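Trainee: Before we look at the model, could you show me how to read pockets and aromatic contacts with some care?

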Amino acid sequence: MSDPFANIPLVTPLSPEQMKSVGVPDGWAYAMADRVRFHELDALNHVNNVAYFRWFESLRIPYFGHVHVSTYSEGDPQVVVASNYAQYMKPLHLGDNYVVTTRTRSFRATSFMLEYAVFLDGEMMCSSECLVVTLEHDGVTKRPLRPETVAAFLAEGAEGPP
């Protein structure tokens, strides 16, 4: 049996064609492939819940640059994760090749809701939601999303404010 990951780069954003080739369903905007490592396992020999949140963060940072939220440069907004939630469907194990995906589901003037999923052979193993708020550098005043960010979210199919 051929390895669908043979020509897939790890920890690099995937093209839509690459996403499709490893079983990611349509509708996901951004993804990276990787392999489960020993240090990500728990006492039950499957991926620890904390590892998933690390994977989401590792994807979130380049995704923010992709959709013009932040490159963490001077002048960019402070980006605050207001809440995180995950649902675990099936465990992942040492050596599994997985794909972590994200997209913006909805947004308002100064915040947006991200969705994440982890796929193994086209099957969703974990899903997650994350509320993100953009702030001025005082850490208190909400900062409106940039027009180019709103355009990127709409291009993904995100729902905007009424």
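**Pocket and rings**

Mentor: The largest pocket has a volume of about 150 Å³, and please keep in mind that this is a predicted model.

Trainee: Which elements each supply at least two residues of the lining of the largest pocket?

Mentor: At least two lining residues come from each of β1 (30–35), α2 (49–66) and β3 (97–107). The residues lining this pocket are Val 11, Met 32, Ala 33, Asp 34, Glu 40, Trp 55, Ser 58, Leu 59, Tyr 98 and Val 100, and by class they divide into seven nonpolar, one polar and two charged residues.

Trainee: How many aromatic pairs does a search of the whole structure find?

Mentor: The search finds 10 aromatic pairs. One of them joins Trp 28 and Phe 119, and because planes over 60 degrees apart count as edge-to-face, this pair, with ring centres 6.1 Å apart and planes at 75°, is edge-to-face. The two partners lie 91 residues apart in the chain, Trp 28 in the loop between α1 (16–21) and β1, and Phe 119 in strand β4 (residues 111–120).

Trainee: Are Trp 28 and Phe 119 buried or exposed?

Mentor: Buried means under 20% relative accessible area, so Trp 28, at 12%, counts as buried, and Phe 119, at 4%, is buried as well.

Trainee: What lies over the face of Trp 28?

Mentor: Arg 103 lies over that face, at 3.7 Å from the ring centre of Trp 28.

How values were computed. Residues numbered from 1 in each chain as written. Predicted model: local features only at pLDDT ≥ 70, side-chain atom pairs only at ≥ 80, totals over all residues. Heavy atoms only, no water. 1 Å grid on protein atoms, 1.4 Å probe; cavity = no way out; pocket = protein on both sides within 12 Å on 5 of 7 lines; lining within 4 Å. Points joined across faces, edges and corners; volume = space filled by probe spheres on them. Helix = DSSP H or I, 4+ residues; strand = E, 2+ residues; numbered from the N terminus. Nonpolar A, V, L, I, M, F, W, Y, C, P; charged D, E, K, R; others polar. Phe/Tyr/Trp six-rings, centres within 6.5 Å; stacked < 30°, edge-to-face > 60°. Buried < 20%, exposed > 50% of the residue type's maximum accessible area, 1.4 Å probe, protein only. Lys NZ or Arg CZ within 6 Å of the ring centre and 35° of its normal.
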